[in-house]
Amino acid sequence: MQLLGTLLAAAATLPTLTHASTAADWRSRSVYQLFTDRFALPSGGSGPCVLGERKYCGGTWKGITNKLQYIADMGFDAIWISPVVQNINTFTQYGQAYHGYWTQNINNLNSNFGSSSDLKTLVSTAHSMNMLVMIDLTVNSMIWPGSHTTVDYTTFASPFNSASKYHDFCWIDYTNATSILLCWLGDDNVALVDVKTQDSTIRSTYNNWIGNLQSTYNFDGMRIDALKSVEIDFFPGFQKASNMFGLGENYQADPTMLCTYQPSVDGLLNFPLYYGLLFAFNATGGGMQNLANLIVQNQGNCTDVSLFGNFIENHDLPRYAGITRDQMQRLNAIAFTFVIDGFPVAYYGQEQAFTGQVDPYNREALWTSNYDETNVYFQMHKTLNAMRKQVIKLDSNFLTTNTKVLGNDVQYIVLKKGSLLSLLFNDGSYGSNDTLTIANAGYSGGTKLLEVISGNTYTCDSSGSVTVKRQAGAPMILYPASQWPSTWKNPNLAVSVDTRTTATTTVTTTYVFATAMVKSDAVTLKPSHDLSTLIVAVSAAVLGLSAFCLT
């Protein structure tokens, strides 16, 4: 706390600067997404937060500022915070606007989160800790807490205070692209009045607003909600006016559909790989081939996959720890987001293995975890962040080098990005301890590789192939040992021994990680979230020949 106090005092004396971080600045970052209302109370203590009530629970910008060190301790060097603008204060059929997405006036701040001074202090303190700040925002709608027939447009700020600045009413039909662009979200309890973003006055207003917001608060990036509800040609002008990095949400599992919005927006949240990893790491089966195909399709269809945000959960999706209770499957999925093209985006509470499945139960109060930094998931994020930063330091081309899929089978996938070799598995905590040979891995004969999580080393044969020993489902990440710093410390992860006895044999397995360190595992978990829909959305796997020898 003494260090944070020093940083706060220094931040208060800093001059106002226009930080204006570029896409290149964000490419190397690791992002921690948080809900302002649920991350930290201003007092730093604890308090009630009944998720089903959908009410404000008291988190603020000051609370975030006071807990930035927790984020830094995990190795993240960028934060993504909730929308900052004024929302309605009405208590609706669906609760309050604690999430920040129910915009009423873009010119004012959400007073529930704090003051203008609080927000400036958050940003300046983050910058003093070498941490970038991304804000969330919506441009496609304004909120009306009632029926579409009763909208009072005078409650909105000019020029949004006229019905002519909105599309004519129709409820959205998600099977029709025109409807997605022109029709309204919501229902007659809470209607999201669809802004006519084609209108030149609206575009000019939005462009001026975002430029002023950035220069006033020195933000570094923006996450733009619901891209596909806004015409593509809106975004180049908006992106330029913002003077900061843009990360768009285009909720599409198909890479060809996702990538239509790049480069109109700098970067995109990687929904195709989200669905791919969800299927691949949740169970053994055909998912690894699907994941391999999606990696290649992203690279072939998108302008720059190095600007993609990779994630395993967010505020609209089920917590990954609620999908599988298996620790190794969770850790492999997390590791994937750090070794693939783009940058990792972790949703707050992911490091505490929160298990909430749907809104509002996946928007937990983080203070209920006591900000535990000792559990295996926090430590794994810390290790993966340190690993990625080290690789970036060693290889100036790492971030812009596309990942190669060296091979895959029903239980694993092997990825090569620069000199980084990653072996990821889906067979879980009772997985194999067999050896696995990676042929033609691209290293010189005799190269010694360090597995950076366990500390084990492996030496390539004369052909450049390497044989590794699997570690009961644990992810394996390797790099040439001669380049890796001798000061590297392996993660502080517990080791446990499991003994299983059958009618004919007793098997003792030593695990790299502990197998039961999840506070919320006592909760009754649902089966894989909407897996039947996922299987339809992501094409059925066609198993190919493996490039490996499994012995």
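Predicted model: local features only at pLDDT ≥ 70, side-chain atom pairs only at ≥ 80, totals over all residues.
**The whole chain**

The protein chain has 551 residues, and 59% of them are buried. It holds 16 helices and 24 strands. Its exposed surface comes to about 20,600 Å². Carbon and sulfur atoms supply 52% of that area.

**A pair of helices**

Now look at helix α11, residues 271-281, and helix α12, residues 287-301. Their axes lie 8 Å apart. The two helices pack at an angle of about 165°. An angle over 145 degrees counts as roughly antiparallel, so α11 and α12 are roughly antiparallel to each other. The crossing of α11 past α12 is left-handed.

Which residues make the contact? From α11 come Pro272, Leu273, Gly276, Leu277, Phe279, Ala280 and Phe281. From α12 come Gly287, Met288, Asn290, Leu291, Leu294, Ile295 and Asn298. By class, the contact of α11 with α12 has 10 nonpolar residues and 4 polar ones. Charged residues are absent from it.

**Two lysines**

Next come Lys389 and Lys404. Lys389 sits in helix α15, which covers residues 376-394. Lys404 belongs to strand β14, residues 404-408.

Is each one buried, partly exposed or exposed? Lys389 has a relative accessibility of 38%. Lys404 has a relative accessible area of 57%. The cut-off for exposed is over 50%, so Lys404 is exposed.

The table gives the spacing along the chain and the C-alpha to C-alpha distance.

| Pair | Apart in sequence | C-alpha to C-alpha |
|---|---|---|
| Lys389 and Gly75 | 314 residues | 9.0 Å |
| Lys404 and Gly418 | 14 residues | 8.9 Å |

What does each lysine touch, leaving aside neighbours within four places in sequence? Lys389 is in contact with Gly75 and Asp77. Lys404 is in contact with Val414, Leu415 and Lys416.

**Back to the picture**

Start your own tour at α11 and α12, the roughly antiparallel pair. Then find Lys389 in α15 and Lys404 in β14.

Key:
Residues numbered from 1 in each chain as written. Heavy atoms only, no water. Axes fitted to C-alpha atoms, helices over the stretch in contact; angles between N-to-C directions. Helix = DSSP H or I, 4+ residues; strand = E, 2+ residues; numbered from the N terminus. Parallel < 35°, antiparallel > 145°, perpendicular 65-115°, else oblique. Left-handed = near helix turned anticlockwise from the far one by under 90°. Contact = heavy atoms within 4.5 Å. Nonpolar A, V, L, I, M, F, W, Y, C, P; charged D, E, K, R; others polar. Buried < 20%, exposed > 50% of the residue type's maximum accessible area, 1.4 Å probe, protein only. Areas by Shrake-Rupley, 256 points an atom, 1.4 Å probe, with all protein chains shown as cover.
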